[in-house]
Amino acid sequence: MIKLYDTKLHTKVDFTPLKEGKVSMYVCGPTVYNYIHVGNARTFISFDVIRRYLMWRGFDVTFVQNVTDVDDKIINKANEEGRSAAEVAAEYTQAFIDDMHAANVLDPDIRPKATEEIPEMIKLVEQLIEGGHAYESEGDVYFSVRSYSGYGELSGRNVDEMEGGHRELRADGQGLEDRKRDPLDFALWKAAKPGEPAWESPWGMGRPGWHIECSAMSRKYLGLPFDIHGGGGDLVFPHHENERAQSEAACGCTFAEHWMHTGMLRINSEKMSKSLGNFKLLRDVLQTTDAAVLRFLMLQTHYRSPLDFSNERIAEAESALCRIRNTVKNLDWLIETAAEGDSTFDAQELVAEVDACRDEFVASMDDDFNTCRAVGEICKLVASLNSRLGDSTISSSDVPAVKHARDSVEELMSVLGIDASCSLEDGCSCAGWPDAVLTLAEQHAGYSGSDKGAAVDALLEARAEARKAKDWALADAVRDGLAGLGFVIEDTPQGARVTFGA
Ligand code: AMP
Ligand code: ZN
């Protein structure tokens, strides 16, 4: 049974989807006025892993994520740059999609844009007015917070203690408090201001408030109630509290069965955010870091905990991931080179160990998607595979067991969205021979081409011949030269080969 931590209930609960075998999920998307930073990516990658895991467990998942393409920040950016808000939004929507692809995040099944769903939002606002939950005031429409008794339940706030309410500012910086009946009320619809994008509505030209978007789009594409509503922890209040209030007040039913929120990614112990200016853009990080390494780093922390981002952690994640990838490569090599003959290891024991790892992986992920523990189980198996198989002779009869181990590591990693079987051709940094092997091969093996793989082969050949001729100085020079680049020559019963690191 999968358990998830429900923000509203403050506890882990058994997850039983509303419709057997199906899961409906809505995760708030970005406001498209800039490139996303790695903090935003943490939230999107976390929900990508949750979605992938649910799919792997056999659920038919429908995943909806909106794009907020009308907002004060987009309008301000457009004004600064002398462009239209639509142009700015279109550019950063595409950039967001490109960034998600680069980070290996699956596309949502439906990606509605706020500006294309205005009629749906107007319909919802009308319903709220009809039901006595909202009122018009000088072309604005406000949600009447006190008309919905469940307000504050999600974020654990008491309405009577919410003095400040939702301050909304006009373009001239004046408060809109005078238009509201109660300072707690918040805008569902905003009357048009000169030069801003605006749509026709029963209350005159205007544009939707932020919260109403998600209420309208999730209702349209998933129906109410749906299973899981997610987002970053900073959205619990006011965004999700308001979404829930509007939606439940309008339908008189539950909005989302479960609420899930991610912890914040931090840099130097401070939340990464655009407003603090301490952000690193995802696309800049991915210029120098393999997306799989970034994801591996993130998954080593539980999705609800704060995550500290640093270059040291990237380096650690890179070497841990390379260990896994190199083990998969080693297993491939063992499978390829296995010959008839005696084996020196216990295949049955290996299969039992792999299966125990698979069970532990499932138990960890079932426990509120504990990727940290799940990754730990894979690393434990990999360490054991390395020591089990390191100096064993594999015979062809062992191949099914070794293949089971190899395929399991690859499968479990792919559930997390990480490719464990990378190759040099795919640009995998673990498998990459540095340029320096060319110089080394020229020096010791007389190789003058530009193919780095061939250069390494030439080095191994030169070393084998040197050993035959008892030219220990040359053999050692080849070994030490490769060691200087972080590679190790292993002499195995199947011949010599080069692996990364020890
Ligand atoms: P925004 O475009 O600001 O609405 O943010 C998009 C998503 O990123 C939301 O789900 C936010 O909660 C999330 N987010 C923003 N900053 C961080 C951060 N530092 N760590 C994790 N998630 C974040
Ligand atoms: Zn939302």
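Modeller: A polar contact is taken here as a pair of N or O atoms within 3.5 Å, where one must be able to donate a hydrogen and the other to accept it, and the model to which this is applied is a predicted one.

Colleague: Which backbone oxygen does the side chain of threonine 371 reach?

Modeller: Threonine 371 belongs to helix H11, which covers residues 371-390. Beyond its neighbours within four places in sequence, threonine 371 is in contact with Val49, Leu299, Thr301, Met365 and Leu416. Among these is the residue whose backbone oxygen lies 2.8 Å from the threonine 371 side chain, namely leucine 299.

Colleague: Does threonine 371 count as buried or exposed, and why?

Modeller: The cut-off for buried is under 20% relative accessible area. Because threonine 371 has a relative accessibility of 4%, the residue counts as buried.

Colleague: What is the geometry of the site of the zinc ion (ligand 2)?

Modeller: The protein donors are Cys28 (SG), Cys214 (SG), His239 (NE2) and Glu243 (OE), lying 2.1 to 2.4 Å from the zinc ion (ligand 2). Since the angles among the four donor atoms run from 75 to 128 degrees, the site is irregular.

Colleague: How many residues apart in sequence are the parts that cysteine 28 and cysteine 214 tie together?

Modeller: The donor residues follow the spacing C-x185-C-x24-H-x3-E. Cysteine 28 lies in the loop between strand E3 (22-27) and helix H1 (38-56), whereas cysteine 214 lies in helix H5 (residues 210-222), so the pair ties together parts whose separation in sequence is 186 residues.

Terms used:
Residues numbered from 1 in each chain as written. Chains lettered and ligands numbered in written order. Predicted model: local features only at pLDDT ≥ 70, side-chain atom pairs only at ≥ 80, totals over all residues. Heavy atoms only, no water. Helix = DSSP H or I, 4+ residues; strand = E, 2+ residues; numbered from the N terminus. Buried < 20%, exposed > 50% of the residue type's maximum accessible area, 1.4 Å probe, protein only. Contact = heavy atoms within 4.5 Å. Donors = N, O, S within 2.8 Å, 3.2 Å for Na, K, Ca; no water. Tetrahedral: all angles 85-135°; square planar, octahedral: opposite > 155°, others 65-115°.
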